[in-house]
Amino acid sequence: MIWRSVDLRRTALRTLLQLQLNMAASTFCPVLLPLSRINCKLNGIYTLILLNKTAAYSTGLSVKKTGAKTGLPQRGGKELRRQIKQVLQPRTERMAVDQDWTAVYPTAASFKADAVPLPVRMGYPVKKGVPPSKKGNLELLKIPNFLHLTPNAIKKQCEALKPFCTEWPAALDSDEKCEKHFPIQVQKKDYVFAGPSLRHPDARIVTLTVKLSSLNLDDHARKKMIKLSGERYNKDTDTLTITADSCPLKQQNHDYAMYMLTVLYHESWKIEAWEKEKTRADMEEYVWEDSPSQKNILETLLRIRPLSEQQEEGEVREELLGREEVQEYKDSVTKLKNEGETEGNMQQYKEAVKKLLSI
Amino acid sequence: MNLPRLYHRLRLTVVQVRSLHGSSNVQQVETAAVAAESDPVSSQFSVFRTSENDPACHTDLHAGQYYTLPTAQLRTLFPHGLPYRFQMQIKTFNEACVMVRQPALELISYLKKADYSRPALRYILYGETGCGKTMSLCHALHFCATQGWMVLHIPDAHLWVKNCRELLPSSSRPGRLDQPLQASLWLKNFKTTNDRFLSKIKTTQRYVWTKRETTEEGRPLGELVDQGVARVKSSSDVVGALLRELRLQAGGAAEGAFRLAVAVDGVNALWGRTTLKKEDKSEVLPEELTLVHNLRKMLRNDWSGGAILTTLSHTGSLYKPRSAYLPMELLGEEGFDTMDPFVPVPVSSYTEKEFESCYLYYMDRHWLQHPHSQTEEGKKELIFLSNRNPSILERLCATL
């Protein structure tokens, strides 16, 4: 087939215009346009194949033959080149400030430098330079981004979910009330999974958290409960966390966790026979009575003022222990041992000792 | 601001001191200069020195200034007590200058005010590494020595719980271990310090060392010490006997009464772990060592007529983390319960004034040879690099 060169160029221009209209949907166009421009100059066969391809992808919209199509190729070429140049520019240049971002990133997608209008830099800086820019930056592609989860996007998702939700009870308007009426919190996770089966193995895990202050425990029961829970108790937040994952079903794990809590509670109220053999080393916190510190101070004070015949040891002991300086000393030692050592605690101890031994 | 030149200008205007533009420590140095000027025998060339060499007369006015230890007494007072780097400094500068610092002054004031008919008080100097605990202890011991006390100084208790080549099973008690070399060395040094007391104090009990050697009751303690030095095998038991005698007789009402200062550097070694091993490769506990056992008995406050001055030391300590410096961390549970109640005395790095003093002292001794170290910029660098820690500063200046 012999194609006349003018006809060739005209058809090329036509398809190019078609391509321009389909610009938003397809992404291969910018790549092909330079190709088609180059191929126009080459052998006729190549352009034929290419034009067939482009014709196959185009949606067949009728093209308005405005402007340069009927006119001279050069003027059309300038206009066309400008339009092509516009298409070749990144999308960020044509974004409005008040655009709908959820349309740019409706779902989780990798970072597209040409679609994100932020001057982000990422990576190790080149020598005597700055971190590389976002264009062609692999580091930005590698990391997860949350551009699809802007507050607006989340609001939209919440609005979409609202028809499926029930109302939050109006009476529970503060955290304390929630804590008071619902002290036990159970956390369960649901997964959307696609694999050999639709069930996700982690969906069976159930976590139960409860604050010990909301349970009815006396001193002994509380200490025993903490000892029994071991790792599961957090001292700073006073929460006991029971994680159940040994059964295959969520409901079974939930029942097991509740059962564990019940057993712990009842066991900690029981007092076993062997519990009275608890030694000083088992104690959770330092108690000054009967400690070496108390013995030392009593001995020292007795050495300073030895017993006379009339005084009885027990009485003298009680009287010494009742003195204010001894109480201060006791407080400072208990603080040191329980709260750990700091400069402030040491100073307090020093003052107490000085007062006691009247230095 | 060139401080030596400033001082020369001050000397011309003797009484009238105008407040100059400068930092507050410079003004303090000026007031110290005025005080030094008014002292008739004062140093002609320094604001950082004081001529008051008697620790009993040191007050807050002398804080931050250096006083000189008389070289003649140095050998008898501190045969083994001073830190090694300080000993090298004495040799280099041909003088032993110690800075008067607040912890030592506090300790001396307690010693002055204490009632010696009551049980012995325990003082623990604690602080970060290299802050001057041992030096403060030595200052306090100098005070005790000038007051005529008997000084029982264990320079480093850590030396008794590690690196012992000879460990003999004790002859007197089964299950205990003797350290003949350490004991005899310590007895030699003890004798050098306290020679004049040893002839006056008598033993109260008969001691049997071997089948042929005994020390009768009523013999002077000097004989006991000689026995220990000569017969190295029984030196640990001799140390125990000596400590017992001193404990019984300190602060007595008799005319030969003396006050006893027990100074232990690195007292946390007595309740820590040891690196010594028995023949079956099991670890030796500190209480199984005779020396440690007897020293622990000494540190209890069941005797009167003296004071117990101790220092905690992390350098040389075994199995303790590097950041540990507070008493409970280094002493452990057992140590704290035994030493309780004690008076903790914190020792910290140099203050601005003390740093100035130290810097001027080094300049005076021509120790800082590097030209940049003599400028203000160099001084700021030194402050930054050492963070005003005395030992780090000393090591830095040694390289300049």
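**Notes on salt bridges in chain B**

1. Lys379(B) and Glu376(B) sit three residues apart in helix H13 (residues 376-386) of chain B, so about one helical turn separates them. Please keep in mind that this is a predicted model. The two side chains form a salt bridge, with 3.9 Å between the closest N and O atoms; the cut-off for such a pair is 4 Å.

2. The surroundings of this pair are worth a look too. Lys379(B) is buried, at a relative accessible area of 6%, whereas Glu376(B) is partly exposed, at 35%.

3. Salt bridges with shared partners also link Arg49(B), Glu95(B), Asp364(B) and Arg365(B) into one network.

4. Now to Arg296(B), which is buried, with a relative accessible area of 15%. One of its partners is Glu334(B), where the closest N and O atoms are 3.5 Å apart. Arg296(B) belongs to helix H10 (residues 290-298) and Glu334(B) to helix H11 (residues 327-339), both of chain B, so their pairing ties together parts that lie 38 residues apart in sequence. Glu334(B) itself is partly exposed, with a relative accessible area of 43%.

5. Arg296(B) also meets the side chain of Glu287(B) in a salt bridge, at 2.9 Å from N to O. Glu287(B) is partly exposed, its relative accessible area being 32%.

Terms used
Residues numbered from 1 in each chain as written. Chains lettered and ligands numbered in written order. Predicted model: local features only at pLDDT ≥ 70, side-chain atom pairs only at ≥ 80, totals over all residues. Heavy atoms only, no water. Buried < 20%, exposed > 50% of the residue type's maximum accessible area, 1.4 Å probe, protein only. Helix = DSSP H or I, 4+ residues; strand = E, 2+ residues; numbered from the N terminus.
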